[in-house]
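Please look over the chain from one end to the other before reading on.

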Amino acid sequence: MPANQRLSTLLDRFVDQLAGEIATRARRQFGPGAGFGKRGARQKLDMRCRVEGCKNRSRGPRFGYICDVHQAKLSKREQQAARDAFNEKRARRA
């Protein structure tokens, strides 16, 4: 067997082992669900209106999770009280 071929075989084995070790360490460090360059799985936001008994969908965090109907009807203090009551009730369940 010529020296070039032996060296080539040796280098191939070394590269394969190195690649395997890098992949193993990456999986260990980033976890099985983490994709490289991708965002991790995100939890869906609870978009319900924070007013007790309301079934409407809110417009999200920018609007304080209060639906359009209650934004028009309730004062800012009443909206904040509804958010606080929702958070307190949720904290008791957890």
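Where is tyrosine 65 found? Tyrosine 65 is found in the loop between α1 and α2 (68-73), where helices (H or I, at least four residues) and strands (E, at least two) are DSSP runs numbered from the N terminus. The model is a predicted one, in which local features need pLDDT of at least 70 and side-chain atom pairs count only at pLDDT 80 or more, while totals for chains, interfaces and linings use all residues. Residues are numbered from 1 along each chain as its sequence is written, and side-chain values use heavy atoms, with hydrogens and water left out. The phi angle of tyrosine 65 is near 55°, a positive value in a residue other than glycine. Tyrosine 65 has a relative accessible area of 17% and is therefore buried, a word that stands for under 20% relative accessible area, with exposed meaning over 50% and partly exposed the range in between (1.4 Å probe, protein chains only).

The chain has 3 helices and 0 strands, and from the N terminus on its elements run α-α-α. Of its 94 residues, 18% count as buried. Among the contacts (heavy atoms within 4.5 Å) with a separation of 6 or more, 14% are made by residues 24 or more positions apart. The accessible surface comes to about 8,500 Å², and 52% of this surface belongs to carbon and sulfur atoms; such areas come from the Shrake-Rupley method with a 1.4 Å probe, and for residues only the protein chains shown count as cover.

The largest nonpolar core has 6 residues, namely Cys49, Val51, Cys54, Ile66, Cys67 and Ala82, where a core is a set of buried Ala, Val, Leu, Ile, Met, Phe, Trp, Tyr and Cys residues joined through side-chain atoms within 4.5 Å. Cysteine 49, with residues up to four places away in sequence not counted, touches Cys54, Asn56, Ser58, Tyr65, Ile66, Cys67 and His70. Histidine 70 lies in helix α2 and, at 14% relative accessibility, counts as buried; leaving aside neighbours within four places in sequence, histidine 70 is in contact with Cys49, Val51, Cys54 and Gln79. Glutamine 80 lies in helix α3 and is partly exposed, with a relative accessible area of 37%.

Charged side chains deserve a separate reading. A search of the whole structure finds 6 salt bridges, each being a side-chain nitrogen of Lys or Arg within 4 Å of a carboxyl oxygen of Asp or Glu. In helix α1, glutamate 21 and arginine 25 lie 4 residues apart, about one turn of the helix, and their side chains meet in a salt bridge (2.9 Å, N to O); glutamate 21 counts as partly exposed at 36% relative accessibility, whereas arginine 25 counts as exposed at 53%. In helix α3 (residues 76-93), arginine 92 and glutamate 88 are likewise 4 residues apart, about one turn of the helix, and their salt bridge spans 3.8 Å, N to O. Aspartate 46 and arginine 48 meet in a salt bridge of 2.7 Å, N to O, and Asp46, Arg48 and Arg50 are linked in a network of salt bridges.

Which arginine is buried yet has no salt bridge? This is arginine 83, whose nearest side chain of opposite charge, aspartate 84, is 6.7 Å away, with Lys and Arg taken as positive, Asp and Glu as negative, and His and the chain ends not counted. Arginine 83 is found in helix α3 and, not counting residues up to four places away in sequence, touches Arg50, Phe63, Gly64 and Ile66.

Leucine 18 has its place in helix α1 (residues 3-30) and is partly exposed, with a relative accessible area of 42%.
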